[in-house]
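Work through these exercises on pockets. Each has a task and a stepwise solution.

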Amino acid sequence: MSDYRKQAREYLERAKTEMAGGDDYRLRYAALDLRFAIEALSYDRAVAYKDELPPSEYETWQPRKLMDVLLQINPDVDVDCTLAFGEEDEPGKPAEIMKPLGEETVFNLKLIKSHYNALGSYLHVPSLKQAQNAPPSLKKLRERCGQVAFCVEKALASSVWNITLGNFTKIDCLKCGAVIRKRIVSNENEFSARCFKCNVTYKIKDEGNGKIRWDLDVVDMACANSDCTHTINILREQFKPNVEWTCPKCKGRNRICLGIVFKDNNSKNTGMMLSNAIG
C-alpha cells in the first residue's frame with residue numbers, strides 16, 4: 001500500500017507554497033493540491049480498515065463515498081479521539097489513573113462535505129450559467145484554501161492516528177474456509193457479514209454474555225409444484241434468475257425466473273415480480 005499520509009504532507013506543503021506566492025492565479029494549483037491531500041487522508045484511513053473493507057470498494061476514490069463506506073464498518077471512524085492506558089485496580093473495572101498516549105484529529109465527513117467540492121468548483125471553466133453571474137471570487141478561494149490547509153495540517157499533526165480498536169467476532173467460512181472477521185458495534189444486536197472470497201453472507205446475532213451466533217443467510221423457497229410445495233433453503237447470493245434445483249420430495253426441477261404479471265385496471269398489483277417455476 002502507498003504511504004498516503006506522506007503524500008498528504010507533500011500535497012499540503014506544495015499548496016502552502018502556492019498560497020504564499022502572492023499570485024492569485026496560482027491559488028487554483030493550491031486548491032488542486034489540497035483536494036489531493038484530502039483524498040490521501042481518506043485513503044490512509046481506508047488502508048487501516050483494509051481487512052474489513054470489501055475489495056469492491058477499493059475502486060472508490062471520492063473521499064465522501066469512501067468515508068460513507070467506512071462509517072458503515074465503524075460509526076466512530078471520523079470521530080476525534082484520545083488513546084490512553086491504565087492498570088485496573090480491580091478486574092473488569094476501568095483504571096482510575098490513565099496515562100495518555102496521544103490524540104487524533106480526523107479530517108471527517110463534515111469537513112469533506114464542506115470543502116472538497118467547494119475547492120473543485122474553482123478548477124473548471126465557469127459554465128454558461130455561472131458566466132452570467134459574477135466570476136468565482138479568488139479572495140474567497142484564498143480564504144477557503146487557508147481553512148482547508150489548517151484542517152489538513154491539524155489532522156497530520158495527530159500524535160496517534162488510524163485507531164481501529166474494537167470488539168470482533170470471526171469464523172471460518174462454511175463454504176470456502178476463508179476467515180471472516182466482523183466488527184461488533186455496541187448498539188447493534190443483529191448485523192450481517194460477507195465472505196470476501198466466495199460472497200456467502202451471514203446473519204450475526206449478539207446473544208449477550210459474550211456469545212455471538214453466526215447463521216448462513218438463506219432464503220426459504222417452496223417447490224413450484226402445487227401438489228408438493230416442499231420448502232428448501234438456498235443461500236441468498238444464489239437467489240437470482242436461472243438458478244435451478246431438484247425438489248428432494250417430488251424430484252421435480254425448479255428454476256428461479258423473472259416474470260411479468262398483468263392485472264386489469266381495477267387491480268392494485270401490477271408490475272414485475274420474481275417467481276419460481278417448475279421445470
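On a 1 Å grid over the protein atoms alone, a pocket is an open set of points where a 1.4 Å probe fits, with protein on both sides within 12 Å along at least five of seven lines; lining residues have an atom within 4 Å of a point. This is a predicted model, where local features need pLDDT of at least 70 and side-chain atom pairs count only at pLDDT 80 or more, while totals for chains, interfaces and linings use all residues. Residues are numbered from 1 along each chain as its sequence is written, and side-chain values use heavy atoms, without hydrogens and water.

**Exercise 1.** Describe the second largest pocket.

Step 1. Find its lining: 21 residues, with N74, D76, L165, G166 and R183 nearest the centre of the second largest pocket.

Step 2. Take its volume, the space filled by probe spheres set on the grid points, which are joined across faces, edges and corners. The second largest pocket holds about 420 Å³.

Step 3. Name the main contributor. Strand 1 gives the most to this lining, with 3 residues. Strands (E, at least two residues) and helices (H or I, at least four) are DSSP runs, numbered from the N terminus.

**Exercise 2.** Describe the largest pocket.

Step 1. Its space is about 520 Å³.

Step 2. Of its 21 lining residues, E52, P54, K182, R194 and F196 lie nearest the centre of the largest pocket.

Step 3. Helix 3 (63-73), strand 4 (179-184) and strand 5 (190-194) each supply at least two lining residues. Strand 4 gives the most to the lining of the largest pocket, with 5.
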